[in-house]
Amino acid sequence: VAAAAPKQPAARRRTSKPAVPEEEAKEPSLKGAQCVAAGGPALDPSSVVEVGQSSEIVLRILEGAGAGPLDVEVDAAVLPRPLEVVDHGDGTMGVVFCPISNGPHVFRITWGKDHIPGSPFRVTVTGTPRRDPSLVVVDTAALEKGGVVGQELRFSVVAPAAAGPGPLQVDVVGPEEPTAIVVNYVDSGRFMAEVKVPVAGEYQIGVLWGDCDPVPGSPFTVIFT
């Protein structure tokens, strides 16, 4: 009688997961905009950003950021000029700007359409803006034609960047107070002004820039019929 050998139990193995340091286990995986870090002199609390002096926001592009793109939007009384993005070639990029108006400048910086950590950034610019009303040009042809009572008289005003941040003001003096004075910013330093008066006569239209300084030719004599 042959005796069968007893069956051996099936082989089994249990392996533990690789040990991960506690710090590494808790650290999230950063990607995209979260891998862009902002700093530089413009964001340094101990630095002063002044009108007419160039400053910079430095961006460190870390591993995992991807290809971007980088977009920068600025809200200010007058946009800085120049305002450009520079690739330093060492893994950093710079938002270089020269403010021409004082007060708050808000920088919205996105990478791949997402805000980077800390964006939007608020930069307070100090100093006195440089203004030159002699560079402001008024469309005198429209004023020389005169206006019609009860209808808007429209004329354009162009203020190049070198004229400073303004503001632009329009004053009207005549037989009666005007029923409407409207000034709208169009683009690229161009404004459109509208004046409406209630009665016919000769009016003086003053165009002022900055600290209420008259531009060349102001006030202008305009006849309304």
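Glu152 counts as partly exposed, at 36% relative accessibility. Partly exposed sits in between buried, under 20% relative accessible area, and exposed, over 50% (1.4 Å probe, protein chains only). The model is predicted: local features need pLDDT of at least 70, side-chain atom pairs count only at pLDDT 80 or more, and totals for chains, interfaces and linings use all residues. Residues are numbered from 1 along each chain as its sequence is written, and side-chain values use heavy atoms, with hydrogens and water left out.

What does the side chain of Glu152 meet in a salt bridge? The partner is Lys196, at 3.5 Å from N to O. A salt bridge here is a side-chain nitrogen of Lys or Arg within 4 Å of a carboxyl oxygen of Asp or Glu. Glu152 sits in the loop between α2 (140-144) and β11, and Lys196 in strand β14 (residues 190-196). The two are 44 residues apart, so the pair links distant parts of the chain. Helices (H or I, at least four residues) and strands (E, at least two) are DSSP runs, numbered from the N terminus. Lys196 is partly exposed too, at 23% relative accessibility.

Strands β11 and β14 bring us to a sheet. It is open, has four strands and runs in the order β10-β11-β14-β13, with antiparallel pairing. Two strands pair if DSSP finds at least two bridges between them. The edges are β10 (137-138) and β13 (180-187), each pairing on one side only. β10 pairs with β11 (residues 153-158) in the antiparallel sense, over two bridges. Within that pairing, Val138 has Val157 in β11 as its bridge partner.

Now the other salt bridges. The structure holds four of them. One joins Asp75 to Arg108, with the closest N and O atoms 2.1 Å apart. Asp75 lies in strand β4 (residues 70-75) and Arg108 in strand β7 (residues 103-111), so this pair ties together parts that are 33 residues apart in sequence. Asp75 is partly exposed, at 40% relative accessibility. Arg108 is also partly exposed, with a relative accessible area of 30%.

Another salt bridge is formed by the side chains of Asp211 and Arg131, at 3.8 Å from N to O. Both residues are in loops: Asp211 between β15 (201-209) and β16 (213-214), Arg131 between β9 (121-126) and β10. The pair therefore ties together parts that are 80 residues apart in sequence. Is Asp211 buried or exposed? Asp211 counts as exposed, at 57% relative accessibility. Arg131 is partly exposed, with a relative accessible area of 31%.
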